[in-house]
Amino acid sequence: MPVPLLLAVDGNSLLHRAHHAMSQGDLRDSTGAPVWALKGLISFLATASARLRPDALVVGFDCAAGESVRRGDYDGYKAGRPEKSEDLCLQLDAAPGFLAAAGITVVVPKGYEADDVMASSARSARRHGWRSTVVTSDRDMFALVDDNTSVLRVMNGGIDGSPLIDPSGLHAQYGVRPDQYKDFAALRGDASDNLPGAFGIGPKRAAKLLAEFDTVENVYAALDDGLEDVVVALVGPAATAALGSEEARANVARNQHLMEMRRDLRIPKIATMALPLDEARLQATLKERDIRLGSSLWSLTGAEPPSWYGERVYGQGPRQRPAAPDRVITLPRPQITKAAKQAAALADAGQMSLF
């Protein structure tokens, strides 16, 4: 029998991408609230499910910005990002409750991010003998790749045109093993998170250093043990001098700490994430927000592929899956937002639990 697959989706990443890709359509519900990113997110889930044919699905979202543990550790974390538009904020606020109402398992961890949900979900899948695929636009997720976990990195080609990264693919693209990726990123830095690395060390030089020394710790041990000539031969004298500076060492150590993903968050049992979704419940939730998606949802609801899908089917045909139990969503209690109010209403109806 094939090993079952868990699809772990970075909700923030995909909703941002859907928001910017579909904003020109300006789709709104009957109240005038924006819903184009919500529609795009559901479409991403449906297309990823059609491509990968998962047996279970979980979507993670970031905690509220004011609760971030990482920002508490480093107040410059993600600083300098452009202000989010009101339409994007409204849809980010609504997304967890919207997906949970549709029957999709959603996790919003207090103090942590979707990255940590992905890492913890991948670990849970491995412990239960499942495979997992993480769906995201965030390259930080490459640190999760192993023989059991792949990453579908969503790019401009959409789900169907995006690469599915496994250990060999990661090495071919960056020249590092998955277990080296965090050190690679720490050396290179991440401008999107406002995390400078070692000045003068870009991806090519970082890969050369790790190919020679295996870890960041070994790179600095070489510098401290008088093997500077070896480092100079790899990256040049100017980059070597910058790499050995106190500022660079502090940057790299900070990045290693902040880029470490939590793998021990409380995650709902895989049985609660099982596909297929209840089609009537899914369609009722979409209809409530004036979102219309028809046969494109076939892979989420366990239906046969529509005739127009044709040769785009990946792998084998639809599997017979057990009926899915009620979903579970984790939302931070202090954040009284529209999403939290929706979640509370669902909890009162006995449809999900709050932690």
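1. Helix 7 passes helix 12 in a right-handed crossing. By class, this contact of helix 7 with helix 12 brings together five nonpolar, two polar and two charged residues. Keep in mind as you read that this is a predicted model.

2. How far apart are the axes of helix 7 and helix 12, and at what angle do they pack? The axes are 8 Å apart, and the angle is about 135°. Angles over 145 degrees would count as roughly antiparallel, and helix 7 and helix 12 are therefore oblique to each other. To find the contact on screen, pick out K182, D183, A185, A186 and L187 in helix 7, which meet V252, N255, Q256 and M259 in helix 12.

3. Helix 7 (181-188) and helix 12 (246-259) each give at least two residues to its lining. Helix 7 supplies three residues, the largest share of that lining. The second largest pocket holds about 250 Å³ of space.

4. Which residues of the second largest pocket lie nearest its centre? They are A143, K182, M259, E260 and M261, out of 19 lining residues. By class, the lining of the second largest pocket has nine nonpolar and ten charged residues, with no polar ones.

5. Over to the start of the chain. Helix 1 (residues 11-22) packs on helix 2 (residues 36-52) at about 120°, and their axes are 8 Å apart. Helix 1 and helix 2 are therefore oblique to each other, and helix 1 passes helix 2 in a right-handed crossing. Nine nonpolar, three polar and two charged residues make up the contact of helix 1 with helix 2. On the helix 1 side you'll find G11, L14, L15, R17, A18, H19 and M22, meeting W36, A37, L38, K39, G40, L41 and F44 in helix 2.

6. Helix 2 has another partner to look at: its axis and that of helix 4 (residues 86-101) come within 8 Å and cross at roughly 50°. That makes helix 2 oblique to helix 4. The crossing of helix 2 and helix 4 is right-handed. Helix 2 brings W36, A37, L38, L41, I42 and L45 to the contact, while helix 4 brings D87, Q91, A94, A95, F98 and L99. Sorted by class, the contact of helix 2 with helix 4 has ten nonpolar residues, one polar and one charged.

How values were computed
Residues are numbered from 1 along each chain as its sequence is written. This is a predicted model: local features need pLDDT of at least 70, side-chain atom pairs count only at pLDDT 80 or more; totals for chains, interfaces and linings use all residues. Side-chain values use heavy atoms; hydrogens and water are left out. On a 1 Å grid over the protein atoms alone, a cavity is a set of points where a 1.4 Å probe fits but cannot get out, and a pocket is an open set with protein on both sides within 12 Å along at least five of seven lines; lining residues have an atom within 4 Å of a point. Grid points are joined across faces, edges and corners, and a volume is the space filled by probe spheres set on the points. Helices (H or I, at least four residues) and strands (E, at least two) are DSSP runs, numbered from the N terminus. Ala, Val, Leu, Ile, Met, Phe, Trp, Tyr, Cys and Pro count as nonpolar, Asp, Glu, Lys and Arg as charged, and the others, Gly among them, as polar. Axes are lines fitted to C-alpha atoms, for helices over the stretch in contact, and angles run from 0 to 180 degrees between N-to-C directions. Angles under 35 degrees count as roughly parallel, over 145 as roughly antiparallel, 65 to 115 as roughly perpendicular and the rest as oblique. A crossing is left-handed if the near helix is turned anticlockwise from the far one by less than a right angle, and right-handed if clockwise. Contact means heavy atoms within 4.5 Å.
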